[in-house]
Amino acid sequence: MNTYNNNLDNDRRDDLFDGTELRARGNWTELKGKARQQYGNLTDDDFEYAEGKQEEWLGSLSAKIGRSIDDVKSWFRSL
């Protein structure tokens with residue numbers, strides 16, 4: 001695959017982490033429940049997402065669970 005297509009694929013994957021997109025693509029409550037099962041220290045506040053604040057939200061989650069932002073993204077993709 002060429003670089004152009006790789007960039008498109010990465011952009012599409014990153015779109016999955018827009019909070020609105022996460023809520024729209026499935027049962028957001030179920031995703032939050034699965035996250036809480038694995039990371040018991042997460043609260044409702046940790047799942048609050050302000051539009052346009054995707055990177056801050058992912059950074060906050062990654063800091064709270066001690067994982068990289070890429071790890072958080074991969075984990076959400078796997079749910």
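Which residues of helix 3 (residues 28-38) are buried? Select Trp 28, Leu 31, Lys 32 and Ala 35. Buried means under 20% relative accessible area, exposed over 50%, partly exposed in between (1.4 Å probe, protein chains only). Helices are DSSP runs (H or I, at least four residues), numbered from the N terminus.

This is a predicted model: local features need pLDDT of at least 70, side-chain atom pairs count only at pLDDT 80 or more, and totals for chains, interfaces and linings use all residues. Residues are numbered from 1 along each chain as its sequence is written, and side-chain values use heavy atoms, with hydrogens and water left out.

Next, select Thr 29 and Gln 37. These exposed residues sit on the face of helix 3 turned away from its buried side.

Move to Tyr 39 and Trp 75. Their ring centres lie 5.8 Å apart with planes at 75°, so the pair is edge-to-face (centres within 6.5 Å; planes under 30 degrees apart are stacked, over 60 edge-to-face, the rest tilted; for Trp the six-membered ring is used). Tyr 39 is in the loop between helix 3 and helix 4 (54-65), Trp 75 in helix 5 (residues 69-78), 36 residues apart. Tyr 39 is buried at 13% relative accessibility, and Trp 75 is buried at 16%.

Now the salt bridges (a side-chain nitrogen of Lys or Arg within 4 Å of a carboxyl oxygen of Asp or Glu). The count is five. Select Lys 64 and Asp 46: N to O is 2.9 Å. Lys 64 lies in helix 4 and Asp 46 in the loop between helix 3 and helix 4, so the pair ties together parts 18 residues apart in sequence. Finish at Asp 44 and Arg 36, bridged at 2.2 Å between the closest N and O atoms.

Technical notes. Helices (H or I, at least four residues) and strands (E, at least two) are DSSP runs, numbered from the N terminus.
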